[in-house]
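This briefing is for a reader new to the structure. The points below are grouped by topic.

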Amino acid sequence: MSRLRELREQLGLKQDELALVIGTSLPNYSKKENGEIRVSLIEAKQIADFFNMPIEDIFFAVEVSKSDTL
């Protein structure tokens, strides 16, 4: 979830502001951002829409090289 934190901080947003975006409490959002609990697909979509980015770029930012798939 460090990518989510990075994006939030780049925009100068606080965790409670993103918590409002997905309709959850600050403690719950904090746990999601820290990877303690999972972000639901609906929440991931809401966050992606908020940042105007594909879900994959936020939550699946790990790149796989061609050699890793052989």
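Phe50 is found in helix 4; helices (H or I, at least four residues) are DSSP runs, numbered from the N terminus. This is a predicted model, in which local features need pLDDT of at least 70 and side-chain atom pairs count only at pLDDT 80 or more, while totals for chains, interfaces and linings use all residues. Residues are numbered from 1 along each chain as its sequence is written, and side-chain values use heavy atoms, with hydrogens and water left out.

**Phe50**
- Phe50 is partly exposed, at a relative accessible area of 39% (buried means under 20%, exposed over 50%, partly exposed in between, with a 1.4 Å probe and protein chains only).
- Leaving aside neighbours within four places in sequence, Phe50 is in contact (heavy atoms within 4.5 Å) with Leu13, Leu18 and Val21.

**Nonpolar core**
- The largest nonpolar core has 15 residues; such a core is a set of buried Ala, Val, Leu, Ile, Met, Phe, Trp, Tyr and Cys residues joined through side-chain atoms within 4.5 Å.
- Helix 4 gives the most to this core, with four residues.
- Leu4, among the residues with the most contacts inside the core, touches Tyr29, Glu33, Ile47, Phe51, Ile58 and Phe59, not counting residues up to four places away in sequence.

**Helix 3**
- Tyr29, Lys32 and Glu33 are buried in helix 3, which spans residues 26-33.
- The buried residues of helix 3 pack against helix 1, helix 2 and helix 4.
- Gly35, which follows helix 3, has a positive phi, near 80°.

Terms used. Helices (H or I, at least four residues) and strands (E, at least two) are DSSP runs, numbered from the N terminus.
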